[in-house]
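Hi everyone, and thanks for coming. I'd like to walk you through one structure today, so please have a look at it with me.

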Amino acid sequence: MSDKNDWRLSDHDEFYNNLQLKHAQYKRPSESWDHDHCEFCFDKFSEYEGDLHEGYCTLDNYHWICEVCFNDFKDLFNWSVINNI
Ligand SMILES: [Zn+2]
């Protein structure tokens, strides 16, 4: 459930309101950059075993959100998912 007092929301601001997201497989962006963290709970995305391999990201592939946080906060932040880009 979404809750404005959730610990994962402590540093968040308007940036996250009304984001457009896509569901995607995580691919390492470059040789020197092989992982990202969920914007909210900091779970790790990478191509390595034991890490998350897919989730939701902003259309520029820069900000990643795990499935759990997506489901918890999509209504709070009014996110929309864009398919077929
Ligand atoms: Zn998360």
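Let me begin with a rule for rings: those of Phe, Tyr and Trp (taking its six-membered ring) pair if their centres lie within 6.5 Å, and planes under 30 degrees apart count as stacked, over 60 as edge-to-face and the rest as tilted. By this rule, the count here comes to 14 aromatic pairs.

Before I go on, a word on where this comes from. You are looking at a predicted model, where local features need pLDDT of at least 70 and side-chain atom pairs count only at pLDDT 80 or more, while totals for chains, interfaces and linings use all residues. Residues are numbered from 1 along each chain as its sequence is written, and side-chain values use heavy atoms, with hydrogens and water left out.

Now, the overall layout. The chain has one helix and six strands; helices (H or I, at least four residues) and strands (E, at least two) are DSSP runs, numbered from the N terminus. Read from the N terminus on, the elements go β-β-β-β-β-α-β. Of the 85 residues in the chain, 35% are buried. Buried means under 20% relative accessible area, exposed means over 50%, and partly exposed is in between, using a 1.4 Å probe and protein chains only.

How do the strands come together? Four of them make an open sheet in the order E5-E4-E1-E6, with mixed pairing. Two strands pair if DSSP finds at least two bridges between them. E5 and strand E6 (80-81) stand at the edges with a single partner strand each, so one side of each is left without a neighbour in the sheet. Helix H1 packs on this sheet and touches E1, E4, E5 and E6. The direction of H1 makes about 55° with that of E4; for such angles, axes are lines fitted to C-alpha atoms, for helices over the stretch in contact, and angles run from 0 to 180 degrees between N-to-C directions.

In general, strands of a sheet pair through backbone hydrogen bonds, either parallel or antiparallel. Here we have both kinds. E1 and E4 pair in the antiparallel sense over five bridges. Along that pairing, Ala24 stands opposite Gly55 in E4, and Leu21 stands opposite Thr58 in E4. E1 and E6, on the other hand, run parallel and are joined by two bridges; there, Gln20 has Ser80 in E6 as its bridge partner.

Let's turn to the helix. Which residues of H1 are buried? They are Cys69, Phe70, Asp72, Phe73 and Phe77. These buried residues of H1 pack against E1, E4, E5 and E6.

A nonpolar core is a set of buried Ala, Val, Leu, Ile, Met, Phe, Trp, Tyr and Cys residues joined through side-chain atoms within 4.5 Å. The largest one here has 20 residues, and Phe40, Ile65, Cys69 and Trp79 touch the most other members. Two or more residues come from each of strand E1 (20-25), strand E4 (54-58), strand E5 (64-65) and helix H1 (67-77). H1 gives the most to this core, with four residues.

Let's zoom in on Ile65, which sits in strand E5. Ile65 is buried, with a relative accessible area of 0%. Leaving out residues up to four places away in sequence, Ile65 touches Leu21, Cys38, Glu39, Phe40, Phe45, Gly55, Tyr56, Phe70 and Trp79. A contact, by the way, means heavy atoms within 4.5 Å.

Back to the rings, as promised. Phe15, Tyr16, Phe40, Tyr56, Phe70, Phe73, Phe77 and Trp79 form one aromatic cluster. Returning to those 14 aromatic pairs, take Tyr16 and Phe40: their ring centres are 4.9 Å apart and their planes at 55°, so the pair is tilted. Tyr16 lies in the segment before E1 and Phe40 in the loop between strand E2 (35-37) and strand E3 (44-46), so the pair ties together parts that are 24 residues apart in sequence. Both Tyr16 and Phe40 are buried. Phe40 also forms a tilted pair with Phe73, at 5.1 Å centre to centre and 45° between the planes. This pair links distant parts of the chain, from the loop between E2 and E3 to helix H1, 33 residues apart.
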